[in-house]
Amino acid sequence: MLDVFFREIRPRGSHKIPKEGPLIFVAAPHANQSMRQKAIRFFANMVHAIPVERPQDLAEAGKGRIQLLNSKTDPLRITGIDTKFTQQLRPTDSIVLPRSSGKLQVAKVISDTELLISEQIKDRRALEFLVKEGGTAYKCLPHIDQETVYERVYSELNNGRCITIFPEGGSHDRVEMLPLKAGVTIMALGAMAKYPGLDVKIVPCGLNYFHAHKFRSRAVIEFGKPITISPDLVEQFKKGGQAKREACSSLLDTIFYALKSVTVNTPNEQTLMVIQAARRLYKPAHRRLHIAQVVDLNRRFVIGYNLYKDDPRVIDLQQKVLAYNQLLKYNGLKDHQVPEIIIRRWRTFFLLCYRIMILTVWGLLSFPGSILNLPIVTTAKLISMKKAKEALASSSVKVRARDVLATWKLLVGLVMIPSFYGLYTLIIFWLCLKADYISWPQKILFPAITWTLLPFVSYASMRFAENGIEVFK
């Protein structure tokens with residue numbers, strides 16, 4: 001399914017991965033799924049996934065509304081209107097406000113309508129919601145003790161196995177990484193503290209997608225240099241308290257910069273467009289770069305852009321590139337088509353005729369598989385769009401929820417493709433049973449051939465369609 005959904009998956013730097021010993025792969029960006037969904041739980045169990053219950057998975061809507069009456073004189077006291085704090089919240093639980101990524105940790109529950117939070121609110125958006133007249137709606141997030149998860153991870157690492165974790169802690173479709181969660185550092189340092197002599201290596205793994213939400217997109221998986229954990233950090237971790245937090249923070253910073261070195265991070269989508277345009281301009285004419293080179297150049301240009309983004313020449317270039325991209329969009333063109341536009345009239349005519357002929361041939365070859373898979377493609381698109389809309393409504397970090405589209409297209413395909421191929425085979429079997437002129441061996445043989453050939457017909461049609469789309473463009 002992965003080879004079908006992605007046109008190309010290219011690994012880069014895989015020679016850096018240690019051949020033995022306990023490893024933690026830290027990967028970004030994050031594509032998260034809940035183990036509560038039956039289909040995902042089934043496949044996750046097959047690859048020995050360790051379920052991690054997140055507070056947001058158990059979040060429930062808070063009763064009534066909450067407000068902050070005195071933000072200056074009493075900034076830690078939250079007052080409720082028709083609330084049930086004693087039933088819904090306990091100390092160390094958290095409160096989440098609408099369209100706010102920050103959490104308010106509960107320090108003490110005084111009554112059903114009054115509680116204290118552990119620290120002053122710094123998020124301006126959260127303050128605006130709390131001080132407005134009538135208060136605001138909220139969600140209650142329970143505190144979850146992850147000790148069982150950590151113990152299982154320690155055991156796996158002690159047995160020389162590998163753990164993969166997405167330390168951002170939430171899926172998104174942004175062009176920059178989210179702040180990392182400290183769980184990965186507790187896993188690494190905790191395992192080394194519990195089992196003296198254990199040498200856990202952390203391997204940064206960057207997932208670089210090209211239109212990940214689209215069928216037949218491409219991906220580069222880049223592995224960075226393994227991170228060796230200092231014994232001093234482990235000793236600091238063992239002390240607990242503030243020393244433990246500082247050890248985790250130090251290791252987390254190292255992991256963050258290691259991940260940035262294997263991913264392309266820009267502050268916004270416009271900057272990424274400028275970077276991509278600069279890379280295309282830099283590339284020698286008539287030379288094709290493979291996908292790993294494209295990722296590497298993008299990352300190098302991001303580094304250069306961050307160093308010189310305030311230079312007037314860079315600002316001028318950025319404005320010109322954005323204007324150029326807008327002009328391309330207005331004319332319905334791609335950047336690579338621009339050099340081919342100015343050609344002779346008769347040559348253009350014959351080229352058009354030739355390409356129409358080629359397009360017709362590819363179209364006819366792709367037609368059988370296209371018809372067979374049309375219900376699957378349509379259903380996958382509709383379901384994935386619905387799920388993306390739901391995910392966008394419930395998330396504060398997603399931009400368009402494109403991270404959800406690809407996941408659901410893949411999941412729907414996993415279920416519907418064999419189901420529909422089985423249905424087509426049953427139809428052929430039924431027709432063979434109805435046909436009196438076909439012998440019994442043939443009545444069994446023809447459905448068997450149908451079931452066997454359907455994947456090959458679909459795959460061939462898909463490849464023909466790809467060529468046809470390129471010619472059409």
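**View 1. Cys432 and Cys140, two buried cysteines.** At 5% relative accessibility, Cys432 counts as buried, a label for residues under 20% relative accessible area, with exposed meaning over 50% and partly exposed in between (1.4 Å probe, protein chains only). Cys140 is buried too, at 2%. The structure holds 0 disulfides, a disulfide being a pair of cysteine sulfur atoms within 2.5 Å. Before you move on, note that this is a predicted model, where local features need pLDDT of at least 70 and side-chain atom pairs count only at pLDDT 80 or more, while totals for chains, interfaces and linings use all residues. Residues are numbered from 1 along each chain as its sequence is written, and side-chain values use heavy atoms, without hydrogens and water.

**View 2. Gln146 in its loop.** Here you can find Gln146 in the loop between strand 9 (139-141) and helix 5 (147-158); helices (H or I, at least four residues) and strands (E, at least two) are DSSP runs, numbered from the N terminus. With a relative accessibility of 18%, Gln146 counts as buried. Beyond its neighbours within four places in sequence, Gln146 is in contact with Val52 and Glu53, contact meaning heavy atoms within 4.5 Å.

**View 3. The setting of these close-ups.** The protein around these sites has 14 helices and 13 strands, and its C-alpha trace spans about 85 × 70 × 60 Å along the principal axes. Of the 473 residues, 36% are buried. Among contacts with a separation of 6 or more, 70% come from residues 24 or more positions apart.
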